[in-house]
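I opened this entry to keep track of what I looked up. The notes follow the order in which I went through the model.

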Amino acid sequence: MSQIATRILGIESSCDETAAAVVESGERILSSVVASQFDIHRKYGGVVPELASREHLRQIVPVVREALEQAHLAYREVDAIAVTQGPGLVGSLLVGLTYGKSLAWALSKPLIAVHHLEGHVHAVVLEEKQKHPGAMIPFPAMTLVVSGGHTVLYFVESQPLAGHDDAACFSYQKIAQTQDDAAGEAYDKVAKILALGYPGGPIIDRLSEFGDPNKVAFTRAVIKRGPPADDTGPRFHRGGRSRYDFSFSGIKTAVLRYVRTHGMEAEAEERRRMGAGKPDAERLRALSSQATLDLVASFQKSVVDDLVTRTLDAAEEYDTRTVLVSGGVAANRLLRATFEQECRIRGLRVHFPSRHLSTDNAAMIAAGAYPKFLSRNFADLELNADASLPLG
Ligand code: KG4
Ligand code: ZN
């Protein structure tokens, strides 16, 4: 255990949540505040970048203030400021990053840059530390980050930090990614086609309980591969494609076609007409025919099966016994249950963050910053946002 408690203020603003949190020594969440913009983007069925930046500007100061108040800390009592550098919407990223830089400068505290997806990986580790203090997840781990903006698989290895047995540095090797839409984006687009509200994931998760997941057969996405290439490594193919790559735009189009060919448009239009405000599962269920419930349940099953199969096949090929799943879609109940069941069968261990830590939050950014703090990996005030920042 490192001797002195280190309190890091994390700031996250990469998409449509303004978030701030204080995490002590990478393991104890002292506060975690998330201001969501769902109500602003709902009527467009997706995030509108200009509106997102404007809302971040409105929220950033009160959200950070509230995070410090809940942690019972004054600004000068934090040891470092961690910010999400990317990837994400550049206008959104800039708000959190600029405010974090200003605080670091004004308070003379170190500034730490964290990759958003690295934050999602740390969310799983942080969750484990909340549930079982002192426990360490065994690495290497095949890690699926699955959200509205990303669907990516990393092989994550852990290196101990000299002199600190409570922290480790991770290295990331990208194994696969989506060739088109992210899985959460497919949920949101299918919900938009069916007028089920925004965001689509939580409502499809709820409504699927009432549908038959085997009613509509969707074909599994086939990833086109070039011939094996010598220069891109054995598991990647020409054009940077991997055999574990995902694709979700086909299923979204298949849902649209199904709605048209089965005369379900009028029903969706009726829901659209009725549906101002927050998606309410009971109300939407009452406004949905059995055919709609079957369609969303079948869509969900197909997406979940695809995510689980590709991740676990990759875990086996890379000989990892641990699987981590994070990002907004990791909150999905069928995804969790399927991973748990399949991992039991294959003799693997799977870990998820809690619902709060699955979706975007700043505790994961503060936790991800802790090993960098210990190794004095600080950013300077020239730090800039990077909308497509790579990892690994
Ligand atoms: O990680 P996140 O908060 O933001 C991004 O980085 O994208 O993820 C948001 C995404 C949305 O697409 C939302 O529909 C999806 O996560 N989501 C879910 C569930 N809860 C949120 N998808 C499926 N099932 C859920 N329960
Ligand atoms: Zn995210």
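I began with the pairing of β4 and β5: the two strands run parallel and are joined by five bridges. I count strands as paired if DSSP finds at least two bridges between them. In this pair, I81 stands opposite L111 of β5. Helices (H or I, at least four residues) and strands (E, at least two) are DSSP runs, numbered from the N terminus.

The model is predicted, so I used local features only at pLDDT of at least 70 and side-chain atom pairs only at pLDDT 80 or more, while totals for chains, interfaces and linings use all residues. Residues are numbered from 1 along each chain as its sequence is written, chains are lettered from A and ligands numbered from 1 in the order in which they are written, and side-chain values use heavy atoms, with hydrogens and water left out.

Next I checked the cover of β5. Strand β5 spans residues 111–115, and five of its five residues are buried. Buried means under 20% relative accessible area, exposed over 50%, and partly exposed in between, with a 1.4 Å probe and protein chains only. L111, A113 and H115 lie on one side of β5, and I112 and V114 on the other.

I then took one residue of β4 (residues 80–86), T84. T84 counts as buried because its relative accessibility is 2%. Its side chain makes a polar contact of 2.7 Å with the side chain of E12. For a polar contact I require a pair of N or O atoms within 3.5 Å; within protein, one must be able to donate a hydrogen and the other to accept it, and residues adjacent in sequence count only if both atoms are side-chain atoms. Leaving aside neighbours within four places in sequence, the contacts of T84 (heavy atoms within 4.5 Å) include V114, H116 and I365.

Which protein atoms are the donors of the zinc ion (ligand 2)? They are NE2 of H116, NE2 of H120 and OD of D360, at 2.1 to 2.2 Å from the ion. Donors here are N, O and S atoms within 2.8 Å of the metal (3.2 Å for Na, K and Ca); water is not among the atoms, so sites may look incomplete. Along the chain the donors follow the spacing H-x3-H-x239-D. H116 is in helix α4 (residues 116–131) and D360 in the loop between α12 (355–358) and α13 (363–374), 244 residues apart. Both H116 and D360 are buried.

Why is the arrangement around the zinc ion (ligand 2) irregular? The four donor atoms subtend angles of 92 to 152°, which makes it so. Four donors count as tetrahedral if all angles lie between 85 and 135 degrees; four count as square planar and six as octahedral if opposite donors are over 155 degrees apart and all others between 65 and 115; anything else is irregular.

I looked up the hairpin of β7 and β8. Strands β7 (residues 151–161) and β8 (residues 164–177) run antiparallel and are joined by 10 bridges. S158 stands opposite F170 in β8. Two residues lie between the strands, and G163 in the turn has a positive phi of about 85°.

For helix α5 (residues 183–193), I noted that eight of its 11 residues are buried. Among them are Y187, D188 and I193. Their cover includes β6 (141–146), β7, α6 (200–207), α7, α8 (265–274) and α10. After α5 comes A195, with a positive phi near 55°.

A195 is also one of the residues touched by R271, which is found in helix α8. R271 is buried, since its relative accessible area is 1%. The R271 side chain reaches the backbone oxygen of L194 at 2.8 Å.

Last, I looked at the nonpolar cores. A nonpolar core is a set of buried Ala, Val, Leu, Ile, Met, Phe, Trp, Tyr and Cys residues joined through side-chain atoms within 4.5 Å. The largest has 53 residues, and F299, V325 and F339 have the most contacts inside it. Helix α10 (residues 290–317) gives the most to this core, with 11 residues. A second, separate core has 25 residues, including A20, A67, L111 and A113.
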